[in-house]
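Thank you all for coming. I would like to walk through one structure with you this morning, and I ask that you keep the picture in view while I talk.

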Amino acid sequence: MTARGLVSIAGAYEHPRRVIPDRSVPQIHAEVALGAIADAGLSLSDVDAYFCDSTAGFGPVSMVEYLGLHPRYIDSTETGGSSYLVHVAHAAAAIEAGRCDIALVTMAGLARTRGEAPIAKPTGSPESAFETLWGMLPVTAYALAAQRHMFEFGTTSAQLAEVKVAASLHAQHNPLAFLPQPVTVEEVLASPVISSPLHRLDCCVITDGGGAVVVVRPEVARDLDRRTVTILGRAEAVKHTNNGRINLTSTGAATTGPLAFEEAGVQPEDVDYASIYDSFTITVIETIEDLGFCEKGTGGRFVLDGALVAPHGRLPFNTDGGGLCNNHPSNRGGMTKIIEAVRQLRGEAHAAVQVPDCEIALAHGTGGSIGTRMGSATLILGREDA
Amino acid sequence: MTESLLPAPAPEQNPETEGFWRATAEGRLLLPRCDNCGVAIWYPRQLCPDCGSTSVAWTEASGLGSIYSFSVVHRSAGSYQSVVPYVVAYVELPEGPRVLTNIVGCDPDRVYIGQAVRLVFSDTGHLSALYRFEPVEEE
């Protein structure tokens, strides 16, 4: 037990579908909200805090009304795909501060049905005019990072491909995965180059969907039948271009990792399972370096020999198949990262990929782009009885 | 080979950046420089993110640079869909900043990190131009 008491994740729910043309976005929010609340053994009327991103309507106001909530605490911090890890961290802080007891975090979107986000468009952000006119796709920004990582450290396309291979080996056990077929390194390298050096199979899937989690104070968790997951450490950061000095080979995880580990009182070697944001294969390579699972520059070598493959690799990751193969709802992979970490700590991952005696899990989110600027967040989670 | 065949969409401008874009139409790349700490500022803004000063003056870039990283885009969208393959890059200027841009006027497959490049402009047709770079010819 930490001195502050342990706030828990008591409910988690991933929408089962990956293509949902027959639902509105608020409907998907509602479905995942009800799913997570039921998973916790609570009811919607118990919720007294609500968190969502900026795409759910008029901040949290729209969804609070839609769901019929009456929260005394709200937050719609927007850091892209990592938002939901930040929301969990902020929910924990609010609960510790006595502001609320039961916090609901939802996310939903229809990226696949709506065909969103093929190319950067002017957004009105101050950097927008200086980055969106040169034909840079989201994948291109990550490709710039991959190219530089290869130049500085000798990382290879075959090493990047190992990340996809590991995710696909996990996805074959997930009947809901968007890409359930295992792939080989050779197949990744033979897929079309989208933005060099990244191939099509270096990219995550584009899916509709969503997910939700319920965060509760210890007194609430004690009375629930369901096994809960304790929040041991959390950290958030914005890593940006630092006045034109962009460093393409590190991410915000270099800041959030050490802070979260320090708060949790554990080390990288204590982590039994890791949900690592996997928008692209290079995202995983840089993130595992920054989180301290290996030295900077050695991520490509680290993932060789099945290091990421559950249950027995050195760092079993993304056992649901991750964003690379299972689900990347609304182009935002953070919520599913939390949910699979919860499954692992409850012993409810698929039997083929369940990490034995999983006590400590890490979930990391990277919103925005490692090729420009990002909002990063790390959660370190513990098994209820650990 | 200074003429780029890539699209040249017009930038959104505002009071903070209109001086920058007006200069591009005249074939000049301006960098804001902090009057207090002297650093070159990128992206252009009327605040020095290094020291917090709002005393900022435009200075003209040398127009030289070297490639910090690049990607050859083979599948694209919008107005860029029909011009693949093309090169997106970060070019490091001798003044300091690493600037997102295109490398033009060369075979995309011959671009490399560390390559010396120089500034060219693509007219947007709206009193502004996009700054791009082409390889400096090796003698």
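Predicted model: local features only at pLDDT ≥ 70, side-chain atom pairs only at ≥ 80, totals over all residues.

Residues are numbered from 1 along each chain as its sequence is written, and chains are lettered from A and ligands numbered from 1 in the order in which they are written.

Let me start with the contact between the chains, where two residues count as in contact if their C-beta atoms, placed from the backbone, lie within 7 Å. Chain A brings 30 residues to this contact and chain B brings 34 residues. On the side of chain A that touches chain B, α5 (138-153) and β5 (193-195) of chain A each supply at least two residues, and α5(A) gives the most, with six residues. Helices here are DSSP runs of H or I with at least four residues, and strands are runs of E with at least two, numbered from the N terminus. By class, that side of chain A has 18 nonpolar, eight polar and four charged residues, where Ala, Val, Leu, Ile, Met, Phe, Trp, Tyr, Cys and Pro count as nonpolar, Asp, Glu, Lys and Arg as charged, and the others, Gly among them, as polar.

α5(A) also packs on helix α10 (residues 281-290) of chain A, at an angle of about 55° and with the axes 9 Å apart. The axes are lines fitted to C-alpha atoms, for helices over the stretch in contact, and angles run from 0 to 180 degrees between N-to-C directions. That angle makes α5(A) oblique to α10(A), given that angles under 35 degrees count as roughly parallel, over 145 as roughly antiparallel, 65 to 115 as roughly perpendicular and the rest as oblique. In this pair, Y142(A), A145(A), A146(A) and H149(A) of α5(A) meet I282(A), T283(A), I285(A) and E286(A) of α10(A), and the contact has five nonpolar, two polar and one charged residues.

How many of the 14 residues of α3(A) are buried? The number is 12, so α3(A) is largely enclosed by the rest of the structure; buried means that 20 or more other C-beta atoms lie within 10 Å of a residue's own, exposed that 12 or fewer do, and partly exposed is in between, with C-beta atoms placed from the backbone. Among the buried residues of α3(A) are Y84(A), H87(A) and H90(A), and the helix is followed by G98(A), whose phi is positive, near 80°. α13(A) is mostly covered as well, with 12 of its 13 residues buried, including K337(A), E340(A) and R343(A), and just after α13(A) comes G347(A), with a positive phi of about 75°.

I close with the loops of chain A. The peptide bond from S196(A) to P197(A) is cis, with omega near 5°, and P197(A) lies in the loop between β5 and β6 (198-199). Another cis peptide bond joins A310(A) to P311(A), with omega near 0°. D305(A), although not a glycine, has a positive phi of about 60°, and D305(A) counts as exposed because it has 11 C-beta neighbours inside 10 Å. N331(A), also a residue other than glycine, has a positive phi near 60°, but N331(A) is buried, with 20 other C-beta atoms within 10 Å.
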